[in-house]
Every structure is written in C-alpha cells, then in structure tokens.
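The stops below are meant to be taken in order.

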Amino acid sequence: MSKEAVDSAALDASRTDASQAPADAGDAGYSKDLKARHVNMIAIGGAIGTGLFLGAGGRLNSAGPALALAYLVCGIFAFFVVRALGEMVLYRPSSGSFVSYAREFLGEKGAYFAGWMYFLNWSTTCIADITAIALYTHYWSFFTDIPQWVLALIALAVVLSVNLISVKYFGEMEFWFAIIKVAALTAFMIIGVFLLASQHEVGGGKPGLSMITDHGGFLPNGMMPVVIVMQGVVFAYASLELVGVAAGETKDPQKIVPRAVNSIMWRVGLFYVGSVVLLALLLPGSVYSADQSPFVTVLSKIGVPAAGDVMNFVVLTAAMSSLNSGLYSTGRILRSMAMAGSAPKFTAKMNRNQVPFGGILLTASIGVLGVGLNRIVPDQAFEIVLNVASLGIIGTWIMIMVCHLAFVRRAKEGVITRPKFRLPGSGVTEYVTIAFLLAVLCLMWKDAEVGRKTLFLIPIVGAALVVGWFGVRKRVDREAQGLTEPQSLTGPQEKRDR
C-alpha cells in the first residue's frame, strides 16, 4: 500500500463518528441471520414466561388484586432498564451487549462483574428451567414413570443441540415459542372478557368487581405480601435484556431495536397487568394457588375440556423458551469476556456455523449439575436455584443502569454522541431504578422462607467474584496491553483474529 493510501486511511479513521466506536473483539465472526420478526418475538418472549403462566397463581393468593400494581411498577422499571440498554445498542451494536459497554465505560472490573452476574443468573435459571420442564412433563401420565432427572437431561440435550447448530435455528425456535405463548394468552383474555361481559358464572359466582370488593378488597392481606412478591415479579421480567444481545446478530439494529424495545411497555401492560386484573375479576384471589396455573384454575371452573393439558403445554413451552434464551445469551456474553481475558479461553471458540459453542457448553455444563440436583433433591431443586438467579438478574440490571450513567457522562464530555433513541429522564431515571432494585433486595429480608435465604448468599457470591478477579486479572492486563500497543491499520480485531 502506498504512503498516500495509508495517510488517507488514517485520516478517514480519525474522522469516524463516535457512534461507530471500535467493535468489541468478541463481536468478530458472527452471522447476521436474526431477522426483524425474530428480534420482535424475542422481545415478546422475554416479557412473557413462567412467572406469569405459573407464578401468578401463588402471588394472587398471597397479594390479591394488588399484584397487578406490583407487575405494573416492576414492569416500568424493567422497561427503563431495557430502554437504557437499547440506547447503548444503537450507539454500538454488540453481541457482548452490556458487558461490552461496561468494558468501554467502566473498565474491565465493571465488565467482569456484569458478565459473571449475568452468567450466575442464566446458569442457575438453566437449572430452574430444566427442573420445571421435567415437572411439567410429569403432568402427563405417559411420562410419570420416567425419573425427573432423565427428563431434565433430555430437555437440556434438545435445546443445547438447537443452539449449537446456528443462530437462525435459535431465532426460529424462539419465534415459535413466542407465538404459542402470545396465542395462549390472547385466547384466554378473549374468553375472560366474554365471561366478564356476559356475566357467565365462574366457579359458582358471577365475575366482576364484586370478586374484589366482597373478598377483602384490593389488599386483602395487607401491603406486606405485595412487597414480598416483588422479588418474584422482578424475576418474571428477566430476559427482557436479551434484545440487546440479539441486536449483535441482526443486519439492521438501528431500525429493529427501537421498535422491539418500545413495544415492551404495552406488552407488559396488556399481557401482565391486563391478565392479572382479568384473573382478579373472574375469581377471588384465595381460589388461586401456587400449585396450578391461574389460567387453568379459571378454565377448569367453567368446564373447558383439556384446559389443564393445553396450559401445561404452554407453560412447558415457556420454560423451553427460557432455557433456549439462556444458552444463547450466555454464549455471546462469555465470548466477549473471554476475548478480554476475564472468562476461560475455550468460551471464545466458535464453530463453523458462527456459534460460540464454548460459552454455550459451559452454561450447559452447569445445567448438567442441575440434572444431578434433580436426582438428589427433586422436590427442592427449583427453589434452591431460583434464589441464586434472582440475585444475578438484579445485579445485572443495576450494572446496566450504572453503565448508562457513565455512557451519558461521556456524551456530556463530548467524547461520544448519543443516539436520538434515549432513556426518558436520563440522569434521574437511572438513580431511581437503581434505588428501586436495591430496595427490592432489602425488602427480601421480610420474606423469611425465600428472600432471607437469598440475601445470605450475597457474601458468598461477592467472595467468589473477588477470588475470581484475582485469578484472571493478570490475563486481563495482558489482553489490555495487547490492545493498547501500536496497531497497524488492520486494528486490534484483525490482530487477534490472526
């Protein structure tokens, strides 16, 4: 190359817009096979899961109709988190998502913390999902004699295989999972509105406001049960941040991501808040239970044939969807970390189908431990891992908001340019959201059965993170020094690829 060409290229590079910041080293090699319909349905799928289909029953029983308010409040803060992430995605799309942004704006320690908290969330959620799948499968007599751990292992093997083939197969699977969930919820809401409008008897009573006013009102058991269920409600919204990860493997994130993120708010309002309000108007909260989907409870009261079978299939689909998403997202996050030295080297490896199989296999290996947990303590496996997962998602969301604060500060300093798609009320919204998430953690102490046990895990998780950091910091420093050495015009990315 001539000297003139080199000088010209260097000049062009110096003029690069801040929004075109150098890509994360972990972004190289991915295909762009996720289409708009995939990302949109991933956003829907992330907003609808077992937290609604199954968890709403027990929460309605304890919190009453006020559960709708809990879903609304948590949904608003979940939207703020995803909106903040969406703004950073439009600044620089990355499969490393918030870990990549934490590295840029907070440094390697921030990226390390964000990445491993996210891995903690999804690896333990993976165990919860395969446990749930096994339990839901046992609903049908045909599978009753098959040990729970065998069903858990089969579920893990199937979803793992799909994830390893290609991102296109992951997108298709998630697309159809979301279709099933949305169709089921829509059908139920149509039936529920009809029952309400026609005053058709449900379980011997007529639906309407009397189901609330005649059974203890909006807060039948007081305010404390509503506060206690907040932990579970926040967990119900986990995986909304998956949109940010998926953006790294789509061709037109500038157009697709804003639509997907903005649609989350009305979906939360319609599917979560709307469904809970409808359930509260159809039956008293005391009729629902944690052992049965609230939708099955209503449908069985009006004699709908095979209602339990249909809803069990939908709940099974929701658990499969969550497992699918967890393997996908942690594979990408771990690869971003591995390229910076803060995750095992093998998690950076990709197969010929441009899938980061190393990170996916690491998450799946934790799932295999979950299979063992299902064999040893099948009755307690779900609750044990759910506690740990809730810490992971709260920690991840807090890091996203902290990262956004640093991102906005850089923009004010003129170092970068913020996109037009922004977090509303930035500068205040982040602090309010962080305060809310910390409050949820503190209020978990009031729940002696589950929440308090979860808080006791914080020092253990913190100690593990500190020990881990001292174990990887030398490798992280070596990788960082490699990035800061004088580069040719091929840049750090191509240097690493070689």
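This is a predicted model: local features need pLDDT of at least 70, side-chain atom pairs count only at pLDDT 80 or more; totals for chains, interfaces and linings use all residues.

Residues are numbered from 1 along each chain as its sequence is written, and side-chain values use heavy atoms, with hydrogens and water left out.

**Stop 1: salt bridges**

Side chains of opposite charge can pair when their charged atoms come close. A salt bridge here is a side-chain nitrogen of Lys or Arg within 4 Å of a carboxyl oxygen of Asp or Glu. Searching the whole structure gives five salt bridges.

Select Arg37 and Glu172, whose closest N and O atoms are 2.3 Å apart in a salt bridge. This pair links distant parts of the chain, 135 residues apart: Arg37 lies in helix H2 (residues 36–47) and Glu172 in helix H9 (residues 167–198). Helices are DSSP runs of H or I with at least four residues, numbered from the N terminus. Arg37 is partly exposed at 35% relative accessibility, and Glu172 is partly exposed at 21%. Buried means under 20% relative accessible area, exposed over 50%, and partly exposed in between (1.4 Å probe, protein chains only).

Next, select Glu104 and Arg92, a salt bridge with its closest N and O atoms 2.8 Å apart. Glu104 belongs to helix H6 (residues 97–106), while Arg92 sits in the loop between helix H5 (67–91) and H6. Is Arg92 buried or exposed? Arg92 is buried, because its relative accessible area is 5%. Glu104, at 24%, counts as partly exposed.

Now select Glu108 and Arg103, which form a salt bridge at 3.0 Å, N to O. Both residues are buried.

**Stop 2: a polar contact**

Go to Thr363 in helix H17 (residues 357–376). Thr363 is buried, because its relative accessibility is 0%. Its side chain makes a polar contact with the side chain of Thr330 at 2.8 Å. A polar contact is a pair of N or O atoms within 3.5 Å; within protein, one must be able to donate a hydrogen and the other to accept it, and residues adjacent in sequence count only if both atoms are side-chain atoms.

**Stop 3: a positive patch**

Select Lys109, Lys345, Arg473, Lys474 and Arg478, which form a positive surface patch. Patch residues have over 30% relative accessible area and no salt bridge, and like charges are joined within 9 Å. Helix H21 (residues 458–484) gives the most to the patch, with three residues. Lys109 lies in helix H7 (residues 108–137) and is exposed, at 58%.

Methods: Patches are made of residues with over 30% relative accessible area and no salt bridge: like charges are joined within 9 Å, nonpolar side chains (Val, Leu, Ile, Met, Phe, Trp, Tyr) within 5 Å. Accessible areas come from the Shrake-Rupley method with a 1.4 Å probe; for residues, only the protein chains shown count as cover. Lys and Arg count as positive and Asp and Glu as negative; His and the chain ends are not counted. The place of a charge is taken as NZ of Lys, CZ of Arg, CG of Asp or CD of Glu. Helices (H or I, at least four residues) and strands (E, at least two) are DSSP runs, numbered from the N terminus.
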